[in-house]
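Biologist: Please go through the side-chain contacts with me, and give the rule behind each label.

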Amino acid sequence: MYDDEIQAIKDYLRITHDNDDLYLSNLYDLAISLIKTKTGVEYNQCDSIYQHAVFMCVAHYYDNRTSIVDKAIQEIPYSLNELIKTIAFRGEHCHAKQDK
């Protein structure tokens with residue numbers, strides 16, 4: 001199941017090689033931990049909003065992975081912050097009522 005998530009992230013990012021699989025796996029774990037810390041809500045693969053937030057978080061950190069940049073530091077995108085707020089606001093109870 002974990003490999004399926006990594007493949008889904010690779011599809012989302014349009015990555016066709018396996019060179020970054022370990023890095024993507026670490027970012028996946030980081031994204032879940034970050035969102036759980038900010039919301040207090042456990043990750044559920046069936047939750048499409050939470051899953052999209054994880055994908056967006058991975059994409060953000062994948063695209064902004066260097067600590068030395070020649071451009072302005074990129075903060076977490078507004079759209080990702082809004083998804084995190086939505087997850088926090090609705091809480092755990094919405095996991096039982098998933099999109100159809």
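Predicted model: local features only at pLDDT ≥ 70, side-chain atom pairs only at ≥ 80, totals over all residues.

Modeller: Residues are numbered from 1 along each chain as its sequence is written, and side-chain values use heavy atoms, leaving out hydrogens and water.

Biologist: Which residues touch the most other members of the largest nonpolar core?

Modeller: Leu13, Val54 and Val58 do, in a core of 26 residues. A nonpolar core is a set of buried Ala, Val, Leu, Ile, Met, Phe, Trp, Tyr and Cys residues joined through side-chain atoms within 4.5 Å. Two or more residues each come from α1 (2-13), α2 (21-39), α3 (48-63) and α4 (78-90). The largest share, nine residues, belongs to α3. Helices here are DSSP runs of H or I with at least four residues, numbered from the N terminus.

Biologist: What does valine 54 touch?

Modeller: Leaving aside residues up to four places away in sequence, valine 54 touches Tyr28, Ala31, Ile32, Ile35 and Tyr43. Contact means heavy atoms within 4.5 Å.

Biologist: Why is the pair of tyrosine 12 and phenylalanine 55 called tilted?

Modeller: Rings of Phe, Tyr and Trp (its six-membered ring) pair if their centres lie within 6.5 Å; planes under 30 degrees apart are stacked, over 60 edge-to-face, and the rest tilted. The count by this rule is four aromatic pairs. For tyrosine 12 and phenylalanine 55 the centres are 5.5 Å apart and the planes at 50 degrees, so the pair is tilted. Tyrosine 12 is in helix α1 and phenylalanine 55 in helix α3, so the pair ties together parts 43 residues apart in sequence.

Biologist: What makes phenylalanine 55 buried?

Modeller: Buried means under 20% relative accessible area, exposed over 50%, and partly exposed in between (1.4 Å probe, protein chains only). Phenylalanine 55 has 10%, so it counts as buried. Tyrosine 12, at 34%, is therefore partly exposed.

Biologist: What kind of aromatic pair do tyrosine 28 and tyrosine 43 form?

Modeller: Tyrosine 28 and tyrosine 43 are edge-to-face, with 6.2 Å centre to centre and 90 degrees between the planes. Both are buried. Tyr28, Tyr43 and Tyr50 form one aromatic cluster.

Biologist: What makes aspartate 21 and lysine 10 a salt bridge?

Modeller: A salt bridge is a side-chain nitrogen of Lys or Arg within 4 Å of a carboxyl oxygen of Asp or Glu. The N to O distance for aspartate 21 and lysine 10 is 3.1 Å. The count by this rule is six salt bridges. Lysine 10 has 3% relative accessibility, so it counts as buried, and aspartate 21, at 25%, is partly exposed. Lys10, Asp18 and Asp21 are linked in a network of salt bridges.

Biologist: Where does arginine 65 lie relative to tyrosine 62?

Modeller: Arginine 65 lies over the face of tyrosine 62, 4.3 Å from the ring centre. The rule asks for NZ of Lys or CZ of Arg within 6 Å of the ring centre and within 35 degrees of the ring normal. Arginine 65 also forms a salt bridge with aspartate 20, at 3.8 Å between the closest N and O atoms.
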